[in-house]
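Welcome, and thanks for taking a look at this one. Below is a short briefing to read alongside the model, sorted by topic.

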Amino acid sequence: LQPASSNKPRKKKKKRKTKKNAAGETVEDNDLEDIDSLLERIEDPGLAPQSQGGIITDSRPLLYVEHRNLNPENELKRYFGARAVLGDQRPRQRQRQYVRSMWLTAPKNTWPRYSKTGITMQLLDTRRGVQHFTFEHHREYQQVQFKFLDAVESMDPNNIVLLLQMNPYHVDSLLQLSDVCRMQEDQEMARDLIERALYSLECAFHPVFSLTSGACRLDYRRPENRAFFLALFKHLMFLEKRGCPRTALEFCKLILSLDPENDPLCVLLLIDFLSLRAREYTFLTRLFQEWESHRNLSQLPNFAFSVPLAYFFLSQQEEHPELERSQARERAARLIQLALIMFPSVLMPLLDHCSVQPDARVTSHPFFGLNAQISQSPALNQLTSLYVGRTHALWKDPAVMAWLEPHVHEVLRMVEAGDALVQEAEHKRKIRYQSAPRNIYRHIILSEMKEATAALPLEVTSQPVMGFDPLPPLDSIVSYTRPERTSHPSNESSLSLFFRSLLPNFNLQGDIRHNGDDEAAAVQDLNQGVNRLMAAMRDMLANIQFQEPPRDDNPEGDGDWD
């Protein structure tokens with residue numbers, strides 16, 4: 001297809017593929033100028049109806065996902081122009097005869113030919129307008145899963161490589177090897193493997209499964225569903241690093257919509273950062289207003305600090321009426337003071353990351369001093385460290401620091417005056433944050449934020465974590481079990497027992513329930529064996545070499561933007 005000229009009448013484009021946006025308007029996929037104008041409209045809060053200090057009045061569900069916002073090319077076109085992004089890709093699309101268009105990722109002609117893998121999706125039930133789905137592994141895919149564990153247990157790199165060569169769309173292998181490539185700084189191959197995993201899973205979607213409605217659920221306790229959550233999370237992390245925060249935010253909303261109550265990957269710790277990076281301030285403030293009453297978002301340091309920052313940015317947008325800007329300023333002032341009172345340990349590390357030296361009064365005051373960091377619980381330290389490490393760059397703006405400074409002094413005045421809010425916040429910190437739930441640990445591991453991983457407890461850091469299933473839920477719902485292998489002696493090796501206890505996907509459900517105490521004791525006694533096993537795994541995976549895909553159609557290469 002050739003780029004359509006903007007001066008052609010719309011009625012002449014009858015054969016163009018079309019889709020409808022939320023307002024019911026028809027959007028032409030190849031009408032590049034129309035797409036750009038739509039992106040400008042969605043990214044410009046001044047063009048949307050607002051009320052109450054910059055909050056968009058939107059009748060759509062909060063976690064509504066738009067298909068066009070899942071495509072990073074649309075965001076890149078916004079930044080660099082449509083012709084610059086798509087100019088060299090159209091000839092490639094003509095050559096790809098055997099793949100179909102997908103929403104989550106664009107299939108590449110360098111990928112192996114796709115054939116059904118044995119993964120399907122079933123609709124379990126519908127309750128109160130919410131549809132509950134699950135992925136299912138057919139017998140042939142279960143056999144590949146068993147071979148995957150066999151390959152891991154064998155500690156032979158050739159077995160894992162052979163498995164992926166014979167089953168190029170086996171999702172767990174793709175997730176695991178993507179982590180290996182990323183550790184070896186082969187970002188392009190790591191991203192390609194994740195996209196291939198997403199493609200494989202999307203091909204298995206149920207006909208009524210919707211990415212956009214926000215009313216489709218997947219249960220993370222089922223091992224078959226975890227790969228979809230993890231692939232989406234890893235994909236959005238690549239998108240954010242690639243410079244596509246708006247697209248990453250849309251994928252984050254998608255993950256949250258799959259299980260908003262349990263949030264198994266704890267993307268609530270990330271969604272505020274992506275909203276600020278994408279300048280979607282109104283979405284962040286709407287999320288806070290609608291969820292604060294039943295989710296207590298203000299008790300998370302990231303929301304406590306990011307929401308007032310979003311209100312501050314809204315108050316700086318001159319296209320808003322002065323009344324709305326004034327309301328946004330008042331909310332920003334009130335919320336940032338509450339954040340500093342509730343989480344005083346954030347300020348000094350944040351200023352340090354921003355290379356800002358506070359004045360003598362702030363430096364010498366014990367409320368924001370070193371004691372604030374030492375006295376907080378390890379669980380709270382993990383949350384604050386994660387926030388500072390992830391979002392400190394957003395606070396470096398001199399205008400932000402100038403706005404923050406008087407509120408810091410106002411909080412010190414309240415502390416010295418013995419304000420009741422200060423005492424109440426101290427009491428909350430003592431009784432809350434005693435221990436972090438498992439999904440927060442899982443999020444920190446996946447995020448690889450060094451400030452937060454350094455604060456993880458020993459019970460998490462002392463156990464090996466597999467990229468295809470990090471910290472599996474303790475209440476997993478096992479739908480099939482790995483058969484006993486008669487070739488193994490009855491006195492199974494301790495390393496094999498460890499692997500079986502580590503991966504509930506492949507355990508006998510009865511064994512987990514009846515012999516859980518024995519297995520837990522065995523794991524504690526296997527520290528040396530585990531270390532040897534993981535060292536062997538690292539050596540094995542480090543020796544895997546990936547062949548670069550041919551680039552005859554693009555000899556100069558596209559680098560990170562391919």
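Is Ile440 buried or exposed? Ile440 counts as buried, because its relative accessibility is 8%, under the 20% cut-off. Please keep in mind as you read on that this is a predicted model.

**The chain overall**
- The chain holds 27 helices and seven strands.
- Of its 562 residues, 54% count as buried.
- The accessible surface comes to about 26800 Å², and carbon and sulfur atoms account for 50% of that.
- If we take contacts between residues at least 6 apart in sequence, 72% of them join residues at least 24 apart.

**Where to be careful**
- Mean pLDDT for the chain is 80, with 72% of residues reaching 70 or more.
- Residues 497-532 stay under 50 in pLDDT, and the model has 55 contacts for them beyond four places in sequence.
- Residues 551-562 also have pLDDT below 50, and this stretch has 15 contacts in the model beyond near neighbours in sequence.
- Where pLDDT is low, the predicted coordinates should not be read in detail.

- Ile440 sits in helix H21 (residues 438-447). Setting aside residues up to four places away in sequence, Ile440 touches Cys266, Leu269 and Leu383.
- The C-alpha atoms of Ile440 and Leu268 are 9.7 Å apart, although 172 residues separate the two in sequence.
- Leu404 belongs to helix H19 (residues 398-416) and is buried, with a relative accessible area of 3%.
- Beyond its neighbours within four places in sequence, Leu404 is in contact with Ile336, Leu340, Leu347 and Trp395.

**Buried polar and charged side chains**
- Gln299 is found in the loop between helix H12 (281-295) and helix H13 (301-315), and it is buried at 16% relative accessible area.
- The side chains of Gln299 and Arg432 make a polar contact of 2.6 Å. Residues touching Gln299, apart from those up to four places away, are Met342, Phe343, Lys428, Arg432 and Tyr433.
- Arg331, in helix H14 (residues 322-342), is buried yet has no salt bridge. The nearest side chain of opposite charge is that of Glu330, 7.4 Å away.
- What does the side chain of Arg331 make a polar contact with? The partner is the side chain of Tyr311, at 2.8 Å.

**Salt bridges**
- Side chains of opposite charge can pair when their charged atoms come close. The count here comes to 22 salt bridges.
- Glu195 pairs with Lys108, their closest N and O atoms being 3.3 Å apart. This pair links distant parts of the chain, 87 residues apart: Glu195 is in helix H8 (residues 187-202), and Lys108 is in the loop between helix H4 (90-95) and strand S5 (119-127).
- Glu195 counts as buried at 7% relative accessibility, whereas Lys108 is partly exposed at 21%.
- Arg246 and Glu250 meet in a salt bridge of 2.6 Å, N to O. The two are separated by about one helical turn, because they are four residues apart in helix H10 (residues 245-258). Both Arg246 and Glu250 are buried.
- Glu416 forms a salt bridge with Arg361, with 3.4 Å between the closest N and O atoms. Glu416 lies in helix H19 and Arg361 in helix H16 (residues 360-364), so their pairing ties together parts that are 55 residues apart in sequence.
- Glu416 is exposed at 51% relative accessibility, while Arg361 is partly exposed at 32%.
- A network of salt bridges links Asp179, Arg182, Lys234 and Glu448.

Conventions:
Residues numbered from 1 in each chain as written. Heavy atoms only, no water. Buried < 20%, exposed > 50% of the residue type's maximum accessible area, 1.4 Å probe, protein only. Contact = heavy atoms within 4.5 Å. Areas by Shrake-Rupley, 256 points an atom, 1.4 Å probe, with all protein chains shown as cover. Lys, Arg positive; Asp, Glu negative; His and termini not counted. Salt bridge = Lys/Arg side-chain N within 4 Å of Asp/Glu carboxyl O. Polar contact = N/O pair within 3.5 Å; in protein donor to acceptor, adjacent residues only side chain to side chain. pLDDT = per-residue confidence, 0-100.
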